[in-house]
Amino acid sequence: MTIAVTGTSGHLGRLVVESLLARGAAPADVVALARSTEKVADLAARGVVVREADYDRPETLVPALDGVDVLVLVSGSAVGQRARQHGAVIDAAKGAGVGRVVYTSAPHADTSPLVLAPEHKATEELLAASGLSTTVLRNGWYTENYLGDVQQARETGEIAHSVGDGRVASASRADYAEAAAVVALDAHRDGGHDGAVYELSGDVAWDFDELAATAAEVLGRPVAYRPLTAEEHRDALLAAGLDEGTAGFVVALDGDTRAGLLAETSGDLARLVGRPTTPLAEGLRRALAA
């Protein structure tokens, strides 16, 4: 019986595999699924089973899930395509007889106006209709999402956003990956977390003045937060070369932050991993060093 993880050539999927191994899973009991197996060849060299699994090529999915007991379905990155892609994986999991699907969703995906929520809501609905045993991990914001801001602040001395006084309860990507590993291992061992839905987030909700101060601390230079209106933010993004759609998406995310949609500190993440979540400064330092 094995635990499979999708998207292992990406950041989160790779970290889930590493967390499974760190928590005692035998490499031969872990299946790393990736669209390009060459990108995870080093995992194969360590004894992890590597299989091709392409969300856009359903014929690869059922063979990839053969003999899998628990599947960690890491949500795809193709905005607008995810519900279709995830549906193909869910269908394959049913066909392969997978015992549990652990899905990485978004905060309050079933009710939130968060711009990213609809595709996750649709996936959760597909899972509910599938008849599969499931655990839903509604991942909050990653500290690494602000790496680009901090890198830019190294040159400009400022972080500019249209979030107002909004707060973000971020945690490091590794924290979320460890939670997925914990849930997958518990499900594998004794069926734990069946039907559970966890709202995962960092222990502390910080604002962008605090983000700027933390950036200053890790960079060793002054950094200030410059608040923008949504229109100013959009214009700045367009001037920087972003297309209309991407600029609008980024501004919408800032609007969600301004509305407090990323500020919840439920404590679920710390409880699952058995320790406090990674502080903002430590998370940014690790991201900068990576």
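**Strand pairing and burial**

Tutor: Valine 5 has alanine 32 as its bridge partner in β2. Keep in mind that this is a predicted model.

Student: Which strand pairs with β2, and in what sense?
Tutor: Strand β1, residues 2-5, pairs with β2 in the parallel sense, over three bridges.

Student: How many residues of β2 are buried?
Tutor: Five of the five, residues 30-34, so β2 is largely enclosed by the rest of the structure. Buried here means under 20% relative accessible area.

Student: And which residues sit on which side of β2?
Tutor: Val30, Ala32 and Ala34 are on one side, and Val31 and Leu33 are on the other. Both faces are covered.

Student: New topic. How many helices and strands does the chain have?
Tutor: There are 12 helices and 11 strands. The radius of gyration is 19 Å, close to the 19 Å from the globule rule for 290 residues, so the chain is as compact as a globular protein of that length.

Student: What does the C-alpha trace span along its principal axes?
Tutor: About 55 × 35 × 35 Å.

Student: What share of the chain is buried?
Tutor: Buried residues are 53% of the 290.

Student: Last one, charges. How far apart are the mean positions of the positive and negative ones?
Tutor: They are 3 Å apart, for 25 positive and 41 negative charges.

Technical notes: Residues numbered from 1 in each chain as written. Predicted model: local features only at pLDDT ≥ 70, side-chain atom pairs only at ≥ 80, totals over all residues. Heavy atoms only, no water. Helix = DSSP H or I, 4+ residues; strand = E, 2+ residues; numbered from the N terminus. Rg over C-alpha atoms; globule rule 2.2 N^0.38 Å. Buried < 20%, exposed > 50% of the residue type's maximum accessible area, 1.4 Å probe, protein only. Lys, Arg positive; Asp, Glu negative; His and termini not counted. Charge placed at Lys NZ, Arg CZ, Asp CG, Glu CD. Pairing = 2+ DSSP bridges.
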